[in-house]
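Please keep the structure in view while reading.

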Amino acid sequence: MASFAEGGRVSEVLEERTKYVQSYLRFVETEIGKRGLTMHEKGSNMPQQNEHTPLLVRVPVDNSSRARYPHTTVRRFWTIALTAIPLLTIAIVLFCIAIGGQSDLFGDHPTESGSLPTPRLSSLEAKLPHAAWPASEGISYAKLKQILESTPDASKAREWSKYYAAGPHLAGKNLSQAEWTQDRWQEWGVKSEIVSYDVYINYPLDHRLALLADGEVSFEATLEEDVLEEDPTTSLPDRVPVFHGYSASGDVTAPYVYCNYGTYEDFEELQKANISLAGKIAFIKYGGIFRGLKVKRASDLGMVGAIIYSDPGDDGEMTEENGHKPYPEGPARNPSSVQRGSVEYLSVAPGDPTTIGYPSLPGAPRQSVDGKIPDIPSLPVSYAEALPFLKALNGHGPNASSFSADWQTGGLAYKGVDYSIGPTPDSITINLMNKQEYVTTPLWNVIGIINGSISDEVIVIGNHRDAWIAGGAGDPNSGSAALNEVIRSFGTALSAGWKPLRTIVFASWDGEEYGLIGSTEWVEEYLPWLSEATVAYVNVDVGAIGPYFRTAAAPVLNQAIYDITAQVQSPNQTVKGQTVRDIWNGHISTMGSGSDFTAFQDFAGIASIDVGFGTPGGPDSPVYHYHSNYDSFHWMDTYGDPGFLYHVTIAKIIGLLIAKLVEEPVVSFSAADYAAGLEKYLTSVKDLAHRSSIDDTASKHIFSVLDKAVAGFRKASTAFDENAGALSALLASSAVPESSVELFKSVRTVNSKYKLLEREFLYAPGLDSRTWFKHVVFAPGLWTGYAGATFPGLVEALDDGNSTAIAKWVAIIEEKIVGATGLLEG
Ligand SMILES: [Zn+2]
C-alpha cells in the first residue's frame, strides 16, 4: 500500500483514486451498457485555478490527461479512509476496543494507508475507546455545550453575511469565496480542502420577452429588477441576469395559455377543458411544485416555451393590495422582483445531468441530457412585467373562476387581470428568446474535517455557498454565516483541548442551485466510504429569514431535534425563558428534495435532517424575495433578521445537534420513531389505494403483508431502543466499570446498527421511473419535486394502476422492512 510521505504522494494518491474511480465506472458500464471504459491517471502538474480561468468548453469523453486542481490532501484523506474500511470491517471487534486516538484522518500524523493501528491486546482491558468516555475528551460535554452556546456571535454572523452577499457567486464562479471559506475554517482550527468537479451547466447570454399584437411589439419586457437606491446590491454592474438554470436555448413566437401553477393537475384541467396546448407558450405562476416540473409537463404536452412569474396572490396578507408598501419602503413584494432558479428535472435525478449516478470527474463519460433538463426555452418574469401579458389574455377562452379551487388564488385582479385562460388568438403572441451558454466547468466544494477518536462514525454537516444572485443573504448565505459560526465555535472547543468522539465533516457546497450538484457529485464519488462510515447528515440551506423554526428529518432524528430545540433560547420570547421548542409547533416534514440532503438521504440512505428559520407567509411576515436581487444584505439587515439573532440561534441549534450526535456514547437515534413513521406513511398509502382502481381483495392482501412487516419492525425497534437506552444509562451512571470489553462491544454494535439502519431501506436498482432514487421510503414526489413522497415505488405503481408493479413494490418494501427488522434483532 502507498505510504503518504512527501514525494511521490501526488501520483500515489491519484493512482489510488484512479482505482477507485474504476470501480465507479464498472457500475456505470452496467448502467449505460458500455464496456471497456478506463480512467487514466490525471496529470500531477497542478496550475492554480481561479474563477477567471477560461471555462472548459467540454470535458473530453476520451482518456486524455488533464491537469487537476490543488486538493491532494483531501484526496489523500478519502483514499486513506476508503482503503482502510474493508480492513476495519474485518477487524471490527478488535478495532472497537482499540480506537482511542489512533486514527487521525486528514491530520498531522497520516495513518499509513492500509495498515491499521495494531490492537494492543494486552492493554485493552485498561483502555477506554475515548480517553474520557463517556465524557468529551479534553473538556467535559457540559463545557463543550457551553462553548457551542456562547460562541456564536451576531456581529460576526452579520460580517459573514455581508461578505458572502457582496457580489455574484453563481456555481462555478465563486472560487474566491471557496478559498476565503477554506481560509476562515483553517484559521479556526478546522483542516479544510477544496474538492472540485467538472460539471455541465449554463450561463445566460441573452434573452427577450415581448408581447406582439398583429406582428407589432405592444410590450417589451426589460427582464430587469429595479435598481434601488437603498439597496446597493441591486445596482452592482455585474449582477446576475434573470434566467433559469438548465433552461433550453430557443427563440419561439406563439400564442399562449394561462396554466395556473403548472402542476400535473392544472394541466389535466386544461386538457379536460379542451384548451389547445400544443404549439402554445405556457404562462405559469410560481408556487406549489418545483419549477422544472412545470416546464417538463408543458413540454410533454407539446408546448413550445414557458414563462413563469411570481403572483402576489401567493404572498398571503403581505401585499400592496392590502395596503403594505413594497420593498424597500415596506415588507411587501417589490413588483419588479424575479425568481431565478433551476428547471432541471429534479425528481428524475439531481446533480450533473451528464453523469447521473457517478461523479463528474475529469474524463468521466458524459451521457445525453435528454429527459433530464428541458427541451423548450423558459424565462422567469416579475409580476409587474407579467401584467401586460395577463391582461392581453382577458376575455380569451374560459375564465379561471370556472376551474377548481386551486385556480382561484390570483392576486392581480385589482390590477385589471381577469385570469382568462386563453389561448390568445393567433394575432396575440409572445416572442420568447432564451440564449444560454452550456459549458463543462469546475465547481468547488470546501470540505473540512475534525478527526474524532472513531474514524468510521462520521457526522457530515453542509450548506451550499452558491446563489442565483449577487446577494443571497437568505438563500443560502444565512446558512453559510451560521455554519461559519458553528465551525468557529468548534474551533474554540478544539483550542480548549477538545477531541470529539466521532468524526465531523463540514461542507460548503457549490452548485446547489442548479440541481444540488456539489453535494450530489461528492456523495456519488465517496459513496462506499459514506455508506460505511456516516451516521447522519445535517443540512442548513436558508438558515434564517424569519422567526419560524422549520425542519425536515429522517424519523430516527426526530427526538434529537426536539431535545436540542428545547435547550436553545428563542429570540422571540413572550414569556421569559421560552425555548425554540416552546415556540415551534413541533411539525417535522418528510424528507423530499430541494436541498443538499437529497443525495445523502435518497441515494446513499444516510439519515438526514434539514433545519432553518423561515417565513410561513403569515400576516406579520415580510415577503422573502426568493432568488431575486432583493434577497440582499440590505433586506436581511432591515427585514429578514435585523440583529442577526436568528443566525446565532440556528448556529447554536446546529452546533448542539452535532455535539449530541458526535459525543453521546450511544448514538442518539430512535428506531421506534422510524416505525411510527412507517405506520403513518402506510396509512397514507392505504388512503391512496382506497381511491385507486385496485380492487379491495388485492388491497387487503397488500396491506396485510406490509402491516405485518411494519408491526415486526415496531417490535424490534422498541426493544432495540430500550437496550440502547439501558446502555446509555449504564454509561452515564457511576456503575460504569472502568473497563469492559463486553460493554464496549455492545455499544459499538448498537451504534453500528443505528448507523446502518437507514441503509436497509435502499433498493439498488432504484425506483422504476427514476433509478437514481434508491430509497424505498423517501423520494421527492415525481410531480412535485420538493415535497417528500413516501413509499414512492408503490405510490407510483398505484397511480398507474399497474398490478405487476404494485406486486413488485409490495415485495420489495416488505423485504426491506424485514431486513431492517433483522438488523435490529440480529
Ligand atoms: Zn438554497
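In this predicted model, Ala306 stands opposite Ser378 of strand β9. Strand β7, residues 305-309, is joined to β9 by four bridges, and the two strands run parallel. They belong to an open sheet of four strands, ordered β5-β6-β7-β9, in which the pairing is parallel. At its edges lie β5 (256-258) and β9 (378-381), each of which pairs on one side only. On average, neighbouring strands of this sheet are turned by 20° against each other, direction ignored.

An antiparallel pairing is found in another part of the chain, where four bridges join strand β1 (residues 191-213) to β2. How many of the five residues of β2 are buried? The count is zero, and strand β2 (residues 216-220) is hardly covered.

Strand β16, residues 778-780, contains Phe778. Is Phe778 buried or exposed? Phe778 has 27 C-beta neighbours inside 10 Å, and a residue is buried if there are 20 or more, so Phe778 counts as buried. Apart from neighbours within four places in sequence, the contacts of Phe778 are Thr590, Met591, Gln601, Asp602, Gly788 and Thr790. Phe761 lies 17 residues from Phe778 in sequence, and their C-alpha atoms are 9.1 Å apart.

The helices can be followed from α20, residues 671-691. Helix α20 has 21 residues and spans 31 Å from its first C-alpha to its last, close to the 30 Å expected at 1.5 Å a residue. Its buried residues include Ala671, Ala672, Asp673 and Tyr674, as well as Tyr681, Leu682 and Ala689. Among the elements that cover the buried residues of α20 are the helices α15 (558-565), α21 (696-732), α22 (741-757), α23 and α24 (803-825), together with strand β17 (788-790).

One of these covering helices, α23, comprises residues 792-800. The axes of α20 and α23 come within 10 Å and cross at roughly 10°. Angles under 35 degrees count as roughly parallel, and α20 and α23 are therefore roughly parallel to each other. Where the two helices meet, α20 contributes Val685, Leu688 and Ala689, and α23 contributes Leu794, Val795 and Leu798. By class, this contact has six nonpolar residues, with no polar and no charged ones.

Helix α21 has 37 residues and reaches 52 Å from its first C-alpha to its last, close to the 54 Å expected at 1.5 Å a residue. The buried residues of α21 include Ile702, Leu706, Val710, Phe713, Phe720 and Asp721. Which helices do the buried residues of α21 pack against? They pack against α20, α22 and α24.

These elements can now be placed in the whole chain. The chain has 24 helices and 17 strands, and 55% of its 826 residues count as buried. Taking contacts between residues at least 6 apart in sequence, 82% join residues at least 24 apart.

Technical notes: Residues are numbered from 1 along each chain as its sequence is written. This is a predicted model: local features need pLDDT of at least 70, side-chain atom pairs count only at pLDDT 80 or more; totals for chains, interfaces and linings use all residues. Two strands pair if DSSP finds at least two bridges between them. Axes are lines fitted to C-alpha atoms, for helices over the stretch in contact, and angles run from 0 to 180 degrees between N-to-C directions. Angles under 35 degrees count as roughly parallel, over 145 as roughly antiparallel, 65 to 115 as roughly perpendicular and the rest as oblique. Two residues are in contact if their C-beta atoms, placed from the backbone, lie within 7 Å. Ala, Val, Leu, Ile, Met, Phe, Trp, Tyr, Cys and Pro count as nonpolar, Asp, Glu, Lys and Arg as charged, and the others, Gly among them, as polar. The expected span of a helix is 1.5 Å times one less than its number of residues. A residue is buried if 20 or more other C-beta atoms lie within 10 Å of its own, exposed if 12 or fewer, and partly exposed in between; C-beta atoms are placed from the backbone.
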